[in-house]
Amino acid sequence: MILKFQNKYSKRFLAFCAIWALFWLAFSYFFLQKFLFIYPESFSIHVRFALCAIALGAAILAVCGKGVYGAICGYAVWFYGAALGFVSSLNLAKIHTVLRGSGDMRGMSGCGGAVKFLNFDLSAVPIFKPFNSCAFDVPAVPTNTTLDGLQAKLTALYSGGWYLFPASKSVDLAQFWSIIFIFFGAVWVIGILLGFINKKAQR
């Protein structure tokens, strides 16, 4: 079975998905880490790598999705990214629960250490460098750093942890990443189903 993306609208949607994934990668690195001083640990780095995989999978499908090998490769890379990201967000949720004093770290391998892919140390790339701290959603402003304006207000706002809705402290960072990867996973499933539908329509 060949899963095809044959029209400009599907390619535009795939381009949107790739850009959307890269947007959240930039959000994690430039906004959370560089602006708010919320430093990532190993599972947060897995989230970033997963977003890169999804963007790559979408790009492969947009460019090579008309062929069976391109489609299989694109879907496989996309699935890997969505699965890795969702599992990593669950691990982040467990860390969040432990930090709030209502859980334990059994089954967790820790928050620090190198992150590897195919024996390549991703930590060599700045955007994939983890920090040895489990406080993945709390600003850690460096000593002797002076903050002002919006940066000072936001670091103070998120001093108790990052939340999508700070006033009600609902949807923490781990839950937010889960939502993102559920979206990408749902798109993956829809793409597979449309592939079957298109195949039947061509018979």
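**Exercise 1.** What pattern does the protein follow when read along the sequence?

*Solution.* The structure is a predicted model, in which local features need pLDDT of at least 70 and side-chain atom pairs count only at pLDDT 80 or more, while totals for chains, interfaces and linings use all residues. Residues are numbered from 1 along each chain as its sequence is written, and side-chain values use heavy atoms, with hydrogens and water left out. Helices (H or I, at least four residues) and strands (E, at least two) are taken as DSSP runs, numbered from the N terminus. The protein holds five helices and four strands, and along the sequence they give the pattern α-α-α-β-β-α-β-β-α.

**Exercise 2.** Determine how helices H2 and H3 are oriented towards each other.

*Solution.* Start from the axes, which are lines fitted to C-alpha atoms over the stretch in contact, with angles running from 0 to 180 degrees between N-to-C directions. Helix H2 (residues 42-64) packs with helix H3 (residues 68-99) at an angle of about 160 degrees, and their axes are 7 Å apart. Angles under 35 degrees count as roughly parallel, over 145 as roughly antiparallel, 65 to 115 as roughly perpendicular and the rest as oblique; H2 and H3 are therefore roughly antiparallel.

**Exercise 3.** Classify the ring pair of Tyr 39 and Phe 131, and state which parts of the chain the pair ties together.

*Solution.* Rings of Phe, Tyr and Trp (its six-membered ring) pair if their centres lie within 6.5 Å, and planes under 30 degrees apart count as stacked, over 60 as edge-to-face and the rest as tilted. By this rule the count comes to 23 aromatic pairs. For Tyr 39 and Phe 131 the ring centres are 4.7 Å apart and the planes stand at 45 degrees, so the pair is tilted. Tyr 39 lies in the loop between H1 and H2, and Phe 131 in the loop between strand S2 (120-121) and helix H4 (149-157), so the pair ties together parts that are 92 residues apart in sequence.

**Exercise 4.** Is Phe 23 buried, partly exposed or exposed?

*Solution.* Phe 23 is found in helix H1 (residues 8-35). With a relative accessible area of 43%, Phe 23 is partly exposed, since buried means under 20%, exposed over 50% and partly exposed in between (1.4 Å probe, protein chains only).
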